Amino acid sequence: MSFLIRNAEPNDLNNLTELMYEYIVGFYQNPKPPVEKIHNLIQTLFDQQNGVQFVAEQNGELVGFATLFFTFSTMKAEKVTVMNDLFVIEKFREDTDVESQLFSECQNYSHNHGYSSMSWITSSDNKRAQILFEKMNAVKGKDWVHFSIS
């Protein structure tokens with residue numbers, strides 16, 4: 001199956017919004033953010049100052065996306081990327097390599113733009129994602145415990 005992996009563009013706004021809702025609400029069962037907030041996030045990523053968003057397209061249809069945010073690591077004293085999202089619609093999760101292609105695009109972008117590393121987290125029960133990351137030769141973290149607060 002052939003997929004086009006590319007940077008998200010302004011004309012992707014509505015389709016990308018729907019994909020992001022499928023990811024946020026459908027996959028992770030989180031509350032639906034207002035459309036204005038989703039659009040603001042996507043618009044922020046279009047300028048590629050704080051991050052970048054890639055989409056996977058097949059026959060003109062968006063079937064997945066990945067998001068990198070740019071930050072720094074004090075431990076490395078270097079700039080790093082955080083892959084905050086990697087999502088593919090369900091019918092393309094099993095028998096395609098679109099997830100690997102999106103991951104590779106993020107990894108290549110990070111490397112080609114001088115970032116020292118790319119990191120991410122995934123849910124402990126998301127075994128499918130963990131299999132993908134192991135297949136991509138990622139190293140599973142063991143030294144840090146993730147916390148968050150609202």
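**View 1. Helix 1 around L16.** L16 lies in helix 1, which spans residues 13–27, where helices (H or I, at least four residues) and strands (E, at least two) are DSSP runs numbered from the N terminus. This is a predicted model, in which local features need pLDDT of at least 70 and side-chain atom pairs count only at pLDDT 80 or more, while totals for chains, interfaces and linings use all residues. Residues are numbered from 1 along each chain as its sequence is written, and side-chain values use heavy atoms, with hydrogens and water left out. With a relative accessibility of 0%, L16 counts as buried, a word that stands for under 20% relative accessible area, as exposed stands for over 50% and partly exposed for what falls in between (1.4 Å probe, protein chains only). When residues up to four places away in sequence are not counted, L16 touches A8, I42, Q53, V55, L62 and F65, contact being taken as heavy atoms within 4.5 Å.

**View 2. The loop between strand 2 and strand 3, with N59.** N59 sits in the loop that joins strand 2 to strand 3, and its phi is near 50°, a positive value in a residue other than glycine. Most residues other than glycine have a negative phi. N59 counts as exposed because its relative accessibility is 78%. Between L16 and N59 there are 15 Å in space, C-alpha to C-alpha, and the two are 43 residues apart in sequence.

View 3. Q48 is placed in the loop between helix 2 (35–46) and strand 2, and has a positive phi of about 55° although it is not a glycine. Its relative accessible area is 29%, so Q48 is partly exposed.

**View 4. Helix 3 and the elements it packs against.** Helix 3 comprises 15 residues, 98–112, and reaches 21 Å from its first C-alpha to its last, close to the 21 Å expected at 1.5 Å a residue, the expected span being 1.5 Å times one less than the number of residues. Its buried residues are V98, E99, S100, L102, F103, C106, Y109 and S110, and these pack against strand 1 (4–7), strand 2 (51–58), strand 3 (61–73), strand 4 (78–88), strand 5 (118–119) and helix 4 (127–135). Just after helix 3, G114 takes a positive phi of about 80°.

**View 5. S100 in helix 3.** S100, which is found in helix 3, counts as buried because its relative accessibility is 10%. Its contacts, leaving aside neighbours within four places in sequence, are with L132, K135 and M136.
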